[in-house]
Amino acid sequence: MGSSKRFCCGLKICVLVTFVLLVIISVVLVTLYFTVFKPKEPKINPQPVILESIRWIIFPIQTLNITLGMVITVENRNYGSFKYQESTAYVSYRGDVVAEAPIEADTIPARGKHNISTTLTMFADKLLSDDNFKRELLQGSILNFTSATTLHGKVILFKLIKAKATSSSTCDISIFVQEQQAESICKSKVSL
């Protein structure tokens with residue numbers, strides 16, 4: 001009888017200690033998630049653009065396409081890497097898409113910087129047919145564009161935890177015609 005009481009008491013203590021340890025580990029993990037591992041927005045820095053080609057077709061329909069080479073540096077401030085699928089970035093002028101840039105699938109390392117190289121095909125004939133664009137260009141005022149990109153992929157934390165994530169980015173791009181300068185303000189959002 002005495003040994004079965006000791007065994008039962010020992011079993012109760014083991015279950016209690018295990019439960020307390022699980023509660024402590026859960027509290028620590030939740031605290032880490034909301035502090036250290038809380039998803040942070042990436043920093044997006046466009047680099048100077050390179051003119052790759054100009055294609056002007058006059059007959060049968062006048063079209064003008066401009067291809068620009070560009071590099072965008074993404075700084076991942078998170079403790080997990082982000083592996084994303086192929087996507088496309090779009091540039092709009094007054095609500096109309098005037099450029100597209102394919103984005104190849106890749107991985108942005110945890111707490112690191114990553115360069116995304118792409119070519120932006122600008123449909124200049126769409127711009128030239130817009131009276132507002134022509135007026136703003138001739139007046140030497142500011143040309144305002146908006147770019148939008150959505151990347152779908154997975155966040156990988158310590159090669160153990162994988163979760164689906166979506167990173168959306170919009171940039172307001174202002175081109176100052178007279179000064180021949182450009183300025184952009186980007187906003188990003190990560191959804192898990």
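Predicted model: local features only at pLDDT ≥ 70, side-chain atom pairs only at ≥ 80, totals over all residues.

**Starting at a serine.** I began with S87, which is buried at a relative accessible area of 16%; the cut-off for that label is under 20%. S87 sits in strand β5. Leaving out residues up to four places away in sequence, I listed what S87 touches: A101, P102, I103, T150 and L151.

Next I looked at β5 as a whole. How many of its 7 residues are buried? I got 5, so I'm noting β5 down as mostly covered. On one side I checked β6: 7 bridges join β5 to β6, and the two run antiparallel. One pair I wrote down is Y90, whose bridge partner in β6 is E100. The hairpin made by β5 and β6 has 2 residues between the strands. R94 in this hairpin takes a positive phi near 50°.

I then checked β9 against β5. They also run antiparallel, with 3 bridges joining them. Here I noted S92, which has T146 as its bridge partner in β9.

**Aromatic rings.** I went looking for ring pairs next. A pair of aromatic rings is described by the distance of the centres and the angle of the planes. My count came to 3 aromatic pairs. Y93 and F133 make one of them, with 5.5 Å centre to centre and 85° between the planes, which is edge-to-face. Why does this pair tie together parts that are 40 residues apart in sequence? Because Y93 lies in strand β5 while F133 lies in helix α3, residues 131–139. I looked up the burial of both: Y93 has a relative accessible area of 1% and is buried, and F133 is buried too, at 8%.

Another pair is Y93 with F145. Their ring centres are 5.4 Å apart and the planes sit at 50°, so I put this pair down as tilted. Y93 is in β5 and F145 is in strand β9, so this pair ties together parts 52 residues apart in sequence. F145 counts as buried, at 7% relative accessibility.

Setting aside neighbours within four places in sequence, L127 is in contact with Y93, V98, M122, F133 and F145.

**A histidine.** I also checked H114, which has its place in strand β8. Is H114 buried or exposed? I got a relative accessible area of 14%, so buried. The side chains of H114 and D106 are joined by a polar contact of 3.0 Å. Apart from neighbours within four places in sequence, the contacts of H114 are I72, T73, V74, Y84, D106, T107, I108 and P109.

**Stepping back.** Last, I took the overall figures. I counted 3 helices and 11 strands. Along the sequence the pattern reads α-β-β-β-β-β-β-β-β-α-α-β-β-β. Of the 192 residues, 27% count as buried. Among contacts with a separation of 6 or more, 59% come from residues 24 or more positions apart. For the accessible surface I have about 13400 Å², with 62% of it belonging to carbon and sulfur atoms.

Note on methods
Residues numbered from 1 in each chain as written. Heavy atoms only, no water. Contact = heavy atoms within 4.5 Å. Phe/Tyr/Trp six-rings, centres within 6.5 Å; stacked < 30°, edge-to-face > 60°. Helix = DSSP H or I, 4+ residues; strand = E, 2+ residues; numbered from the N terminus. Buried < 20%, exposed > 50% of the residue type's maximum accessible area, 1.4 Å probe, protein only. Areas by Shrake-Rupley, 256 points an atom, 1.4 Å probe, with all protein chains shown as cover. Pairing = 2+ DSSP bridges. Polar contact = N/O pair within 3.5 Å; in protein donor to acceptor, adjacent residues only side chain to side chain.
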